Amino acid sequence: RKEREGARSQGLALSFRKVEELGAAELEALWHFYNATLENHGSEPYLTHDFFRGLPQNPHAYAALAHQ
């Protein structure tokens with residue numbers, strides 16, 4: 001909820017897309033966003049790069065994307 005409000009306050013819209021529809025660059029961006037979030041919060045990673053690479057094989061996986 002906090003993230004949605006933050007996106008809206010920046011003039012961004014959110015959409016949900018099936019991960020299987022994302023391109024390789026978008027999947028790589030998800031991996032980098034995940035790592036940046038961990039770094040910003042001082043957290044330890046528990047998802048691997050292979051986890052993100054395998055997401056397109058899961059027909060139930062969706063990604064929330066912010067855009068203008």
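Trainee: Which element supplies the largest share of the lining of the largest pocket?

Mentor: Rolling a probe the size of a water molecule over the atoms shows where empty space is left. In this predicted model, helix 2 gives the largest share of the lining of the largest pocket, with nine residues.

Trainee: How much space lies in the largest pocket, and which residues that line the largest pocket are the closest to its centre?

Mentor: The largest pocket holds about 790 Å³ of space. Its lining counts 25 residues, and those closest to the centre are Leu30, Phe33, Thr37, Ala64 and Leu65.

Trainee: What box do the C-alpha atoms of the chain fill, and what percentage of the residues count as buried?

Mentor: Taken along the principal axes, the box is roughly 35 × 30 × 20 Å. Of the 68 residues, 21% count as buried. As for contacts between residues at least 6 apart in sequence, 65% join residues at least 24 apart.

Trainee: Which residues make up the largest nonpolar core?

Mentor: The largest nonpolar core has 12 residues in all: Val19, Leu22, Leu27, Leu30, Trp31, Tyr34, Leu38, Phe52, Leu55, Ala61, Ala63 and Leu65. Helix 2 and strand 2 (62-67) each supply at least two residues of this core. The largest share of the core, five residues, comes from helix 2.

Trainee: Turning to the rings, how many aromatic pairs are there?

Mentor: A pair of aromatic rings is described by the distance of the centres and the angle of the planes. With ring centres required to lie within 6.5 Å, the count comes to five aromatic pairs. For tryptophan 31 and tyrosine 34, the ring centres are 6.1 Å apart and the planes stand at 35 degrees, so this pair is tilted.

Trainee: Where do tryptophan 31 and tyrosine 34 sit in helix 2 relative to each other?

Mentor: Tryptophan 31 and tyrosine 34 are three residues apart in helix 2 (residues 24-41), a separation of about one helical turn. The cut-off for buried is under 20% relative accessible area. Tryptophan 31, at 16% relative accessibility, therefore counts as buried. Tyrosine 34 is buried as well, with a relative accessible area of 13%.

Trainee: Why is the pair of tryptophan 31 and phenylalanine 52 given a class of its own, and which class is it?

Mentor: The ring centres of tryptophan 31 and phenylalanine 52 lie 5.5 Å apart and their planes are at 65 degrees, so the pair is edge-to-face. Tryptophan 31 lies in helix 2 and phenylalanine 52 in helix 3 (residues 49-54), so the pair ties together parts that are 21 residues apart in sequence.

Trainee: Which residues do the ring pairs link into a cluster?

Mentor: The cluster consists of Trp31, Tyr34, Tyr46, Phe51 and Phe52. Leaving aside neighbours within four places in sequence, tyrosine 34 is in contact with Pro45, Tyr46, Leu47 and Phe52.

Trainee: Is phenylalanine 52 buried or exposed, and which residues does phenylalanine 52 touch?

Mentor: Phenylalanine 52 has a relative accessible area of 8% and is buried. Not counting residues up to four places away in sequence, phenylalanine 52 touches Leu27, Leu30, Trp31, Tyr34 and Leu47. The C-alpha atoms of phenylalanine 52 and leucine 27 are separated by 6.8 Å, although these residues are 25 apart along the chain.

Trainee: What polar contact does the side chain of histidine 49 make?

Mentor: The side chain of histidine 49 makes a polar contact with the side chain of glutamate 28, at 3.1 Å. Histidine 49 lies in helix 3 and is buried, with a relative accessible area of 18%. Leaving aside neighbours within four places in sequence, histidine 49 is in contact with Glu28 and Trp31.

Trainee: Is alanine 25 buried or exposed?

Mentor: Alanine 25, in helix 2, is exposed, with a relative accessible area of 63%. Alanine 25 and leucine 38 are 13 residues apart in sequence, and their C-alpha atoms are 20 Å apart in space.

Methods: Residues numbered from 1 in each chain as written. Predicted model: local features only at pLDDT ≥ 70, side-chain atom pairs only at ≥ 80, totals over all residues. Heavy atoms only, no water. Phe/Tyr/Trp six-rings, centres within 6.5 Å; stacked < 30°, edge-to-face > 60°. Helix = DSSP H or I, 4+ residues; strand = E, 2+ residues; numbered from the N terminus. Buried < 20%, exposed > 50% of the residue type's maximum accessible area, 1.4 Å probe, protein only. Core = buried A, V, L, I, M, F, W, Y, C linked by side-chain atoms within 4.5 Å. Contact = heavy atoms within 4.5 Å. Polar contact = N/O pair within 3.5 Å; in protein donor to acceptor, adjacent residues only side chain to side chain. 1 Å grid on protein atoms, 1.4 Å probe; cavity = no way out; pocket = protein on both sides within 12 Å on 5 of 7 lines; lining within 4 Å. Points joined across faces, edges and corners; volume = space filled by probe spheres on them.
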